[in-house]
Every structure is written in C-alpha cells, then in structure tokens.
Amino acid sequence: MRKSHPLRRVVLATAGTVSAVVLLLSLKPSSDPTSASAAGTAPSAAAAGQESPQGGTGAAGATTVTGDATQTQYGVVQVRLTVANGKITQAEAIQAPKGGTSDQKTALSVPQLNKETVAAQSANIDSVSGATYTSTGYKQSLQSALDKMKQAASSSGSSSSGSSSGSSGSSGSSGSSGAAQAKTVTGQVAQTQYGAVQVRITVSGGKITKAEAVQAPKGGLSDQKTALAVPKLNQEAVAAGNANIDSVSGATYTSTGYKQSLQSALDQAGG
C-alpha cells in the first residue's frame with residue numbers, strides 16, 4: 001500500500017484552515033449590523049418616552065417676565081425672570097454694561113446678582129462691591145419684573161374669580177371692586193437745589209405696591225447721586241408704606257425732595 005506523502009498532508013491541512021477562516025469572515029458582518037441596530041433603537045425609544053412628559057409639564061407651568069430697561073451711567077441693564085408656581089426659578093440679565101472695564105464688572109456682578117435673586121425671591125438683594133451702578137440698575141429692572149409678575153397674578157386671579165361667579169352676581173361685583181382699589185397717584189413736584197423731584201406711587205388695598213421717581217436731578221454728579229439714591233428710596237417707600245423713610249447718605253437734597261413729593265402723593269391717595 002502506498003503511504004501518503006507528507007507534503008500532501010500539509011497542503012490539505014492548510015486548505016482546510018483557509019476555508020474555515022473564509023467561512024467565519026462571511027458570517028460576522030451579517031450579525032454585527034443587526035445587533036448594532038437593535039442596540040441603538042431601544043435607548044432612543046426610551047429617551048423619547050422620558051423627555052416628552054417632562055417638557056410638556058415645564059412648558060405649561062413656567063412663564064417668563066422681562067423687567068423694564070434701566071439706564072445706568074455705564075449702560076443699560078435689563079432683567080428677565082422665569083417663574084413657576086409663583087416662585088422665581090431663574091434670573092438673567094439680557095442687557096448689561098459692556099466694553100472696557102464694564103465687561104469685567106458685568107462678568108463679576110451679574111452671576112452673583114442672579115443667584116441672590118433666586119435665593120431672596122425679591123429685589124432686596126445686596127449690591128456687588130465694585131459694580132454699584134450695575135447692581136443698582138439690576139435691582140431696578142428686577143423690581144419692575146416683580147411688579148409685572150404680581151400684576152399678572154392679580155389679573156389671573158380676578159379673571160378666575162369672574163369666570164367662577166358666572167351664576168353669582170355678588171361674586172362678580174366683589175371682583176370688580178377689587179380691581180378698582182388699585183390706583184396710581186403722582187405727587188407734586190418738589191424743587192431742590194439740584195433739580196426737581198417727583199414721585200409716583202401705585203396703591204392697592206391701602207398699601208404702596210410700587211414707588212418710582214418720574215423726575216430726579218440729572219447732569220454731572222447728580223446722575224451718580226440719583227442712581228444711588230432713588231432705588232433705595234423706592235424700596236424704603238414700599239417697605240414703610242409712608243414717607244417716614246431715611247435719607248440716603250450723600251444725596252440729602254434728592255432724599256428730601258423725594259419724601260416731600262411722596263407725602264403729597266400719599267395725601268392724594270387718602271393717607
């Protein structure tokens with residue numbers, strides 16, 4: 001019997017190995033894309049299922065209120081609030097002084113003022129050292145945004161009260177009387193050594209809900225003193241509910257004129 005040649009066995013073994021490798025390579029691509037497709041599809045569907053209810057709830061419960069633009073010596077400051085369930089959830093300055101050193105002061109002060117606003121839930125926040133004008137303008141615009149927020153809440157409450165009392169005549173009349181209680185009164189002009197001061201107040205339910213100076217000294221150093229004094233005087237007028245408020249140091253004439261005009265506005269409003 002003839003023995004098999006060693007070289008022939010080597011050739012056959014090599015051919016068998018090559019055939020096995022080719023078979024494996026031909027099977028692998030057909031399975032990988034399927035598994036990759038399945039792995040990518042399932043998470044996407046799960047993520048979509050999670051995001052839609054959250055997005056819907058946030059859009060329905062949150063509102064945005066933008067305060068009035070406040071002019072400072074170095075530029076305009078304007079604040080926007082995001083409110084949900086009657087609380088400030090976010091504060092941001094959509095306008096702030098810029099250019100030169102103002103860029104540094106804005107970058108330093110605005111983030112801190114934003115955080116303090118959310119924490120305090122009011123305009124009673126501290127000014128940032130080294131950025132007094134920006135802080136003052138921020139608080140003024142913030143206060144106007146808060147006032148708008150209160151007015152919107154009040155209007156919403158009046159509307160709901162009116163709609164729920166469609167079958168009750170007495171409820172409708174009480175809603176209209178509540179709306180009639182809010183009024184705006186402008187005090188007489190108080191002439192000071194550096195210019196006229198005139199105060200306007202909004203009164204609701206026998207309380208001052210807003211105070212503002214429609215006239216104040218301006219030009220030269222008066223601009224700085226007005227920017228420093230008026231916001232503080234406005235806040236004190238609302239807090240005190242009367243004209244017995246402290247004068248601002250360094251702005252005595254403006255403070256005195258402010259209190260005189262404020263008192264005349266209170267007299268017109270009925271004390």
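## Helix H5

In this predicted model, helix H5 covers residues 221-240. That is 20 residues. From its first C-alpha to its last, H5 reaches 28 Å, close to the 28 Å expected at 1.5 Å a residue.

Which residues of H5 are buried? They are Ser222, Thr226, Ala229, Val230, Pro231, Leu233, Asn234 and Ala237. An α-helix has 3.6 residues a turn, so residues three or four places apart point the same way.

## Asn234, a buried residue of H5

Asn234 sits in helix H5. Is Asn234 buried or exposed? Its relative accessibility is 14%, so Asn234 counts as buried. The cut-off for buried is under 20%.

What does Asn234 touch, leaving out residues up to four places away in sequence? Its partners are Ala211, Glu212, Ala213 and Tyr258.

## The largest pocket

Rolling a probe the size of a water molecule over the atoms shows where empty space is left. The largest pocket here has a volume of about 1100 Å³. Its lining has 42 residues. Closest to the centre are Thr70, Gln140, Val230, Pro231 and Asn234. Four elements are listed as giving two or more residues to the lining: strand E2 (70-72), helix H3 (132-164), strand E8 (207-215) and H5.

What kinds of residue line the largest pocket? The lining divides into 15 nonpolar, 18 polar and nine charged residues.

## Ala190 in strand E6

Now to a strand. Ala190 lies in E6, which spans residues 190-192. Ala190 has 5% relative accessibility, so it counts as buried.

Setting aside neighbours within four places in sequence, Ala190 is in contact with Gly195, Ala196, Val197, Gly257, Gln260 and Ser261. Lys259 is 69 residues away from Ala190 in sequence. In space, the two are 8.9 Å apart, C-alpha to C-alpha.

## The whole protein

How many helices and strands does the protein have? There are six helices and eight strands. Along the sequence they follow the pattern α-β-β-β-β-α-α-α-β-β-β-β-α-α.

The protein has 271 residues, and 28% of them are buried. Take the contacts between residues at least 6 apart in sequence: 43% of these join residues at least 24 apart. The protein exposes about 16300 Å². Carbon and sulfur atoms supply 54% of that area.

Methods
Residues numbered from 1 in each chain as written. Predicted model: local features only at pLDDT ≥ 70, side-chain atom pairs only at ≥ 80, totals over all residues. Heavy atoms only, no water. Buried < 20%, exposed > 50% of the residue type's maximum accessible area, 1.4 Å probe, protein only. Contact = heavy atoms within 4.5 Å. Expected span 1.5 Å × (residues − 1). 1 Å grid on protein atoms, 1.4 Å probe; cavity = no way out; pocket = protein on both sides within 12 Å on 5 of 7 lines; lining within 4 Å. Points joined across faces, edges and corners; volume = space filled by probe spheres on them. Nonpolar A, V, L, I, M, F, W, Y, C, P; charged D, E, K, R; others polar. Areas by Shrake-Rupley, 256 points an atom, 1.4 Å probe, with all protein chains shown as cover.
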